[in-house]
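Dear colleague,

Please find below the sequence and structure that I am handing over to you. A short account of the findings follows.

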Amino acid sequence: MFQTLYSYFWWERLWLPANLTWADLEDRDGRVYAKASDLYITLPLAFLFLIVRHLFETYVATPLAGLLNVKEKIRLKATPNAVLEKFYAATTKHPKQADVEMLSKKSGCTVRQVERWFRRRRNQDRPSLLKKFREASWRFTFYLIAFIAGMAVIVDKPWFYDLREVWKGYPIQSMLPSQYWYYMIELSFYWSLLFSIASDVKRKDFKEQIIHHVATIILISFSWFANYIRAGTLIMALHDSSDYLLESAKMFNYAGWRNTCNNIFIVFAAVFIVTRLVILPFWIMHCTVVYPLDLYPAFFGYYFFNFMMVVLQSLHIFWAYLIIRMAQKFITGKVVEDERSDREETDNSEEEEEAAKNGPLSNGHPVLNNNHRKTD
């Protein structure tokens with residue numbers, strides 16, 4: 001049964017145009033072609049990325065946070081309460097009013113104390129500012145290096161200037177060593193993001209992030225299997241062109257450099273919109289949808305690849321909507337938070353009580369929290 005499924009999965013008609021077989025893509029005469037087995041290395045490389053990330057965050061990002069004066073403000077902890085903790089862990093972190101009244105009776109606390117306990121308990125679970133800064137620093141470093149490396153890989157290629165060259169001779173297009181490493185590193189990195197997503201900072205677009213990572217991994221892998229490498233390198237470089245700007249804006253945001261953060265974010269928004277909403281759909285997707293049909297009839301792989309591109313583009317539109325909303329607030333000078341962020345909660349009544357006793361209580365949270373992602 002396994003052999004039958006294996007045969008169906010690698011059936012040439014799924015991956016290649018008519019009248020072509022895998023034998024046409026076997027290495028010969030010094031020409032090397034992409035093979036599915038090449039991607040096996042990306043899984044151990046993904047775990048290597050996780051190790052490098054840990055070392056980077058510990059020995060580079062953490063000292064950098066200290067230099068930039070990234071400080072975590074004090075959070076009041078919820079007092080130990082077995083009844084409330086059990087409900088918090090097993091039922092919900094956001095009890096309804098009826099639940100609050102029921103818990104008040106069970107725990108012996110007032111309704112106001114129960115509400116305050118849940119606010120504090122939720123804040124305890126929220127990631128620290130240092131954790132956010134370290135994540136942003138790691139992604140900024142990777143995306144910047146990946147963008148520079150990606151441009152070095154494609155800038156001297158004819159298909160960078162003429163998209164019809166992407167399909168010239170397809171699929172009998174040999175692979176260059178620079179393309180191999182660009183693919184392996186990018187795919188390994190996205191595997192590492194998927195592996196670490198459960199422990200990374202969670203935002204309101206958590207599900208969209210998972211969809212994005214899975215769609216990206218599928219697209220990169222499929223483009224390698226079907227030898228869509230030229231188109232794949234263009235798409236990856238295009239995505240990396242704005243991501244490092246976003247991560248740098250986050251870093252300055254966490255460091256409290258508000259004006260710098262806002263200015264970088266405006267540049268990021270402009271680059272994101274131009275690359276993801278103009279160049280990608282009207283140049284790159286036009287290249288993958290229209291030009292191949294001049295060379296061969298549509299086949300399953302053609303439909304599948306472009307369907308995944310539509311999924312990715314849908315996420316771009318969703319994130320562009322959030323980015324434009326934030327950019328408008330920046331331009332008008334309004335204080336904003338990341339549209340995707342899980343906002344921290346404050347106990348106003350408690351602060352008033354403390355202020356009456358001891359003066360103003362510094363238990364606030366960063367005013368500006370515009371740490372948007374791809375997006376990412």
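Over residues 210–229 the chain is 85% helix and 0% strand, with end C-alpha atoms 24 Å apart; helices (H or I, at least four residues) and strands (E, at least two) are DSSP runs, numbered from the N terminus. This is a predicted model, in which local features need pLDDT of at least 70 and side-chain atom pairs count only at pLDDT 80 or more, while totals for chains, interfaces and linings use all residues. Residues are numbered from 1 along each chain as its sequence is written, and side-chain values use heavy atoms, with hydrogens and water left out.

The span 210–229 is one of those that an unreviewed UniProt entry lists as "transmembrane region"; the others are 39–56, 140–160, 264–284 and 304–324. UniProt positions follow the numbering used here, feature names are shortened, and annotations may be inferred rather than shown by experiment. Residues 140–160 are 71% helix and 0% strand, and their end C-alpha atoms lie 25 Å apart.

Ile 279 belongs to helix α11, which covers residues 258–289. Ile 279 is partly exposed because its relative accessibility is 28% (buried means under 20% relative accessible area, exposed over 50%, partly exposed in between; 1.4 Å probe, protein chains only). Beyond its neighbours within four places in sequence, Ile 279 contacts Leu 238, Val 274 and Ile 284 (heavy atoms within 4.5 Å). Leu 238 is 41 residues from Ile 279 in sequence, yet their C-alpha atoms are 8.5 Å apart.

As for the cysteines, Cys 261 is buried at 0% relative accessibility, and Cys 287 is buried at 2%. The structure holds zero disulfides (pairs of cysteine sulfur atoms within 2.5 Å).

With kind regards
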